[in-house]
Amino acid sequence: MRQRRSTPNGFPLPPGKEAFRPKEWAVIERCRTPRQVQRFLRELPYNWERKKETLRTFRGVVRHWQAHCLEGALTAATILEQHGYPPLLLDFESQDKLDHVIFLFRRGGRYGTVARSRDAGLHGRKPVFRTIRQLVMSYVDPYVDGSGRITGYGVFDLRTLTNCNWRLSSRNVWAVEHALIKFPHKKLKTSERRYQAMLRQFRAFRKKYPHRPATFYSNRHQWL
């Protein structure tokens, strides 16, 4: 009998253990669940790209031991793919053109996320959401700062990037960013009144606490 070299939906099988370096595989073995991956990403220093812009894969993140949001999403996708989760990204479009990208998973028929962010409210979510739109709405309030506001969202399957080694390339994988910009997003219309109220609340909080993480949101019980 021939060995199957693709998943049931036709995508190539993910790389095996032999493709990973010992330090990389140690992370994969230690982080077997979305919650464990979220904890790993939270403990990594944030990549502020002080010298130059980067878009590192899981391999680059482990090597440099830091990650920004998209690098964190690629890291989560690579790790959790080894534990049976499809490598899906959820991309938010914002009115300030600063998108946020997170890893999307489903467990028990409910959606959740894993994410790395500079903002406490934009990390992962527990798998408690019946629909992707409901999940997206849990990010609407924490997304509001001086300029940010979610205007659209879309789910992207990394397995469609057949000519990009988004898992283990040692180089920047700008093809991922280009693909996320080009693929279609659903528009999200939210309350202007609610937005203005959250904007005032955020600005007042930041004025009072310039360096404290903003964690005053009512949906903290849903955070991963």
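User: Which residues form one aromatic cluster?

Analyst: Rings of Phe, Tyr and Trp (its six-membered ring) pair if their centres lie within 6.5 Å; planes under 30 degrees apart are stacked, over 60 edge-to-face, and the rest tilted. Here Phe205, Tyr209, Phe216, Tyr217 and Trp223 make up one cluster. This is a predicted model, where local features need pLDDT of at least 70, side-chain atom pairs count only at pLDDT 80 or more, and totals for chains, interfaces and linings use all residues. Residues are numbered from 1 along each chain as its sequence is written, and side-chain values use heavy atoms, without hydrogens and water.

User: How many aromatic pairs are there by this rule?

Analyst: The count is 12. In one of them, the ring centres of Phe40 and Trp65 are 5.5 Å apart with planes at 75°, so this pair is edge-to-face.

User: What lies over the face of Trp65?

Analyst: A charge sits over a ring if NZ of Lys or CZ of Arg is within 6 Å of the ring centre and within 35 degrees of the ring normal. Lys23 does this for Trp65, at 4.8 Å from the ring centre. Likewise, the charged end of Arg125 is over the Tyr139 ring, 3.8 Å from its centre.
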